[in-house]
Amino acid sequence: MNQLIEFRLDGVVCMGQKGQYIVDAASDNNIYIPTLCNIPGIKPRGACRICSVRVNGKLMTACTTPVSEGMDIESKSADIEDLRKAIIELLFTEGNHFCPACERSGNCELQALAYRYQMLVPRFKFQFSKRTVEASHPKLIKDHDRCILCKRCIRAIKDEKGRSIFAFGKRGHQVEINIDTKLSKNMTDEQALEAAEICPVGAILKKEQGFKDPIGQRKYDNEPIGSDIENLALQ
Amino acid sequence: MNKAIIATTSLAGCFGCHMSFLDIDEKILDLIELVEFNKSPINDIKKFTKMCDIGLIEGGCCNDENVHILKDFRAHCKILVSFGECAIMGGLPALRNTIPLQECLDEAYLNGPSVVGNNEKGIIPNDEELPVLLNKVYPCHEVVRIDYHLPGCPPKAELIWEALYALVTGNPLKLPYEIIKFD
């Protein structure tokens with residue numbers, strides 16, 4: 001039986017279900033907490049820290065922390081918003097994100113967050129890290145330049161026996177997403193499309209398809225990311 | 001009221017940002033009431049003749065000439081604005097940043113499919129008149145202090161207009177969601 005509980009988010013009294021993660025509970029109350037590595041319905045990982053909120057004076061990731069009765073959550077404070085913006089800027093400078101040349105531009109969640117937070121220029125130095133592009137898989141292109149290591153592909157894309165097609169390879173700062181060559185050979189077009197769409201950036205692309213949505217009709221061309229949740233509050 | 005003085009330049013860019021600037025269309029008539037152009041490819045004035053209020057920089061720094069011009073702009077402009085992705089983060093020219101310079105030159109002049117057989121002496125241009133390439137393409141703000149950044153490839157004409165209008169008149173800058181895009 002779901003147990004209804006009451007919590008406060010930025011001073012607003014909200015209702016949620018016991019055990020529900022903060023992002024989901026906030027979303028049910030039409031409040032958007034930005035996420036990047038989180039995918040609804042898949043076990044959260046708390047990797048990107050974009051969803052950081054302050055609970056009882058401590059920063060926690062809203063995608064992995066369940067709400068509890070009487071919890072007081074801070075999300076839109078200036079320092080937390082700046083922390084989120086700093087994470088976005090770090091991701092932009094750490095990888096090689098050439099938006100004008102990226103097929104995912106306009107539909108990219110990292111870019112959409114940068115738009116939402118009005119990132120005009122990152123405060124950090126561009127690293128221009130040496131990364132590779134893997135194009136040997138029959139259905140997919142893996143561009144490591146754009147990978148933000150959110151692990152969404154590893155967690156969400158499995159073959160029919162439940163085996164992960166994607167996995168982490170190497171260690172420390174060299175860590176990257178590897179694709180199982182044997183399993184990727186058997187991928188269907190639908191699976192390849194699903195993998196490309198689960199990627200928040202343009203690191204996984206489906207072959208033989210590109211720039212399908214015209215400029216002006218892409219997901220984040222006209223409305224900021226999160227407005228689908230926020231607009232419900234206005235209705 | 002004295003008109004604000006504007007200078008513009010294109011460093012390692014494609015002139016697309018300048019084209020977008022001209023895309024303000026008939027507002028250029030309003031602009032010319034507010035500003036006077038000094039050194040700029042738009043009027044072909046090659047050298048600064050006075051101190052300027054605003055300098056618009058397109059393109060990053062890929063060679064020593066770009067650095068020289070950028071420093072000249074910093075010395076002659078009270079406010080410097082990077083406009084366009086290339087000025088802000090190196091842009092497409094910076095795609096070479098992960099490849100050693102020698103490899104780039106070898107590919108361009110010796111080994112590339114379009115040059116094989118056409119450069120029998122294996123010459124890589126090195127005339128002293130040519131600007132020396134830098135090891136990497138640098139964003140402008142990593143070379144001199146830049147006051148404002150207008151992203152886009154190119155930045156939308158409305159964004160350039162709104163930014164210039166705000167800078168010249170002192171009015172607050174309006175930044176609606178639609179006009180800031182990185183592509």
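Me: Which strands form the open sheet of chain B, and in what order?
Reply: In this predicted model, the open sheet has five strands in the order β2-β1-β3-β5-β7 (chain B), with parallel pairing.

Me: Why do β2 and β7 of chain B count as edge strands?
Reply: β2 (35-37) and β7 (148-150) of chain B each have a single partner strand, so each keeps one side without a neighbour in the sheet. The twist from one strand to the next averages 30 degrees.

Me: What makes β3 and β5 of chain B a pair?
Reply: A pair requires at least two bridges found by DSSP. Strand β3 (residues 52-58) and strand β5 (residues 77-83) of chain B run parallel and are joined by five bridges, so they qualify as a pair. Within β5(B), S82(B) stands opposite I57(B).

Me: Which helices pack on or lie across these strands of chain B?
Reply: Helix α3 (residues 64-76) of chain B packs on the sheet through β1 (4-10), β3 and β5 of chain B, and its direction makes about 135 degrees with that of β5(B). Helix α6 (residues 157-169) of chain B lies across β1, β2, β3, β5 and β7 of chain B. The angle between α6(B) and β7(B) is about 155 degrees.

Me: What else does chain B contain, and in what sequence do its elements run?
Reply: Chain B has six helices and seven strands, which run β-α-α-β-β-β-α-β-α-α-β-β-α from the N terminus on. Its C-alpha atoms fill a box of roughly 60 × 35 × 30 Å along the principal axes.

Me: How many of the 183 residues in chain B are called buried?
Reply: A buried residue has 20 or more other C-beta atoms within 10 Å of its own. In chain B, 36% of the 183 residues are buried.

Me: How do you know what β1 of chain A pairs with?
Reply: The bridges show it. Strand β1 (residues 4-9) and strand β2 (residues 12-17) of chain A share six bridges in the antiparallel sense, with F7(A) partnered by C14(A). Between β1(A) and strand β5 (residues 72-74) of chain A there are two bridges, and these strands run parallel. The requirement is at least two bridges, so both count as pairs. R8(A) stands opposite D72(A) in β5(A). The hairpin of β1(A) and β2(A) has two residues between the strands, where D10(A) takes a positive phi near 50 degrees.

Me: What is the domain assignment of chain A?
Reply: It gives domain 1 (4-76) and domain 2 (85-206). Their C-alpha centres lie 25 Å apart, and 11 residues from domain 1 of chain A and 11 residues from domain 2 of chain A take part in the contact. On the domain 1 side, eight are nonpolar, three charged and none polar.

Me: Where does the largest nonpolar core lie, and why?
Reply: This core has 58 residues, with I22(A), I33(A), A62(A), L110(A) and L113(A) having the most contacts inside it. The largest share, five residues, comes from α3(A). Domain 1 (4-76) and domain 2 (85-206) of chain A both give residues to the core, so it lies between them. Among the residues that L110(A) touches are L36(A), I88(A) and V201(A).

Me: How many residues of chain B and chain A does the contact take?
Reply: The contact takes 23 residues from chain B and 19 from chain A. On the chain B side, helix α4 (residues 85-89) gives the largest share, three residues. By class, that side has 12 nonpolar, six polar and five charged residues.

Technical notes
Residues are numbered from 1 along each chain as its sequence is written. Chains are lettered from A and ligands numbered from 1 in the order in which they are written. This is a predicted model: local features need pLDDT of at least 70, side-chain atom pairs count only at pLDDT 80 or more; totals for chains, interfaces and linings use all residues. Domain bounds come from an automatic or database domain assignment. Two residues are in contact if their C-beta atoms, placed from the backbone, lie within 7 Å. Ala, Val, Leu, Ile, Met, Phe, Trp, Tyr, Cys and Pro count as nonpolar, Asp, Glu, Lys and Arg as charged, and the others, Gly among them, as polar. Helices (H or I, at least four residues) and strands (E, at least two) are DSSP runs, numbered from the N terminus. A residue is buried if 20 or more other C-beta atoms lie within 10 Å of its own, exposed if 12 or fewer, and partly exposed in between; C-beta atoms are placed from the backbone. A nonpolar core is a set of buried Ala, Val, Leu, Ile, Met, Phe, Trp, Tyr and Cys residues joined through C-beta atoms within 7 Å. Axes are lines fitted to C-alpha atoms, for helices over the stretch in contact, and angles run from 0 to 180 degrees between N-to-C directions. Lists of a residue's contacts leave out its neighbours within four places in sequence.
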